[in-house]
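This report describes the fold of one protein chain for a reader who is new to structural models. Please keep the sequence and the structure in view while reading.

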Amino acid sequence: RVALPPPGDKCDASSILTGHARDLWHGWRTKLLRPSGHSNVTPLVPFTDAKLKRSRISYARFIAQLVDADCVVLGSMDTPTVGLSFFAKKAGSLRLIFDTRCVNEFFIDPETVTLPTAGVWTGLRVEPSDNLNLAQVDVEAAFNRIKSPPGLEEYFVLPPVHLPTLRRIRPDLCVDWTLTDEWTGPRLCVLAMGWSWSLYVCQELLECMVERSGFPRDKQIRNRHFVPPITTTPAAATYVDGVAVISGQLAPALA
């Protein structure tokens with residue numbers, strides 16, 4: 001029931017991001033991390049769903065699902081920094097949520113993201129004779145489709161999984177079975193919903209893709225920005241994992 005991306009290659013943000021966002025992505029070690037040893041809070045214990053914690057087999061099966069979806073890699077045993085839990089979505093599916101409070105303490109506060117809030121839609125204007133045309137698309141499990149930059153996975157250590165149990169229930173799993181420890185530490189290799197910088201990265205990625213699709217930044221609807229006229233030319237609104245294209249006339253982009 002957990003909404004996970006399909007297996008296969010994940011989005012390479014370095015080939016899409018531009019400008020300042022691209023610099024932050026490539027230089028995350030020097031630009032996003034706090035000064036060494038800096039911490040503002042007492043160390044936290046990440047919260048993990050109780051059912052998974054109680055059952056060695058259930059947890060191993062779920063980690064196998066994450067490996068199949070190319071969301072985690074197995075590494076050496078280490079202190080967990082990330083917990084996981086689930087929230088109900090529509091149609092009975094579950095949203096996977098990561099407790100990244102511990103991880104966030106290693107990183108500076110994220111930069112501000114300008115989203116198309118509800119108020120910005122009041123700035124739309126169309127001719128009385130026009131219809132208002134809208135097309136939408138959502139990216140399923142958007143954060144989990146974005147491959148993290150090299151090295152970042154070492155900060156995102158999930159609770160350990162029992163390697164013999166994992167090998168017994170999924171001998172076909174594509175992992176390094178030469179790991180010598182009885183327990184291994186799964187590491188997230190995609191963006192975690194809950195990491196303080198995930199929203200910024202996902203929004204920037206989608207805005208860059210919308211721009212590549214023919215909507216320059218001045219034709220994208222954002223809060224605290226001039227709302228472009230849409231009578232004859234469509235405009236796009238990007239909201240983290242979804243895009244809406246709107247126009248007063250049925251433009252090719254909407255058709």
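## Report on the chain

Strand β2 and strand β8 (residues 183-188) pair in the antiparallel sense, over four bridges. Within this pairing, glycine 75 has glycine 185 of β8 as its bridge partner. The model discussed here is predicted.

The two strands belong to an open sheet of three strands, whose order is β2-β8-β7 and whose pairing is antiparallel. β2 (72-75) and β7 (161-162) are the edge strands, each with a single partner strand, so one side of each has no neighbour in the sheet.

Valine 2 lies in the segment before β1 (11-12). Which residues is valine 2 in contact with, leaving aside its neighbours within four places in sequence? They are Phe62, Phe86, Leu94 and Leu96.

For the chain overall, the secondary structure comes to seven helices and 10 strands. Of the contacts with a separation of 6 or more, 76% are between residues 24 or more positions apart. The table gives further values for the chain.

| Property of the chain | Value |
|---|---|
| Box filled by the C-alpha atoms, along the principal axes | roughly 70 × 40 × 30 Å |
| Buried residues | 47% of the 255 residues |
| Accessible surface | about 13,600 Å², 55% of it from carbon and sulfur atoms |
| Charged side chains | 27 positive and 26 negative, centres of the two sets 5 Å apart |

Technical notes. Residues numbered from 1 in each chain as written. Predicted model: local features only at pLDDT ≥ 70, side-chain atom pairs only at ≥ 80, totals over all residues. Heavy atoms only, no water. Pairing = 2+ DSSP bridges. Contact = heavy atoms within 4.5 Å. Buried < 20%, exposed > 50% of the residue type's maximum accessible area, 1.4 Å probe, protein only. Areas by Shrake-Rupley, 256 points an atom, 1.4 Å probe, with all protein chains shown as cover. Lys, Arg positive; Asp, Glu negative; His and termini not counted. Charge placed at Lys NZ, Arg CZ, Asp CG, Glu CD.
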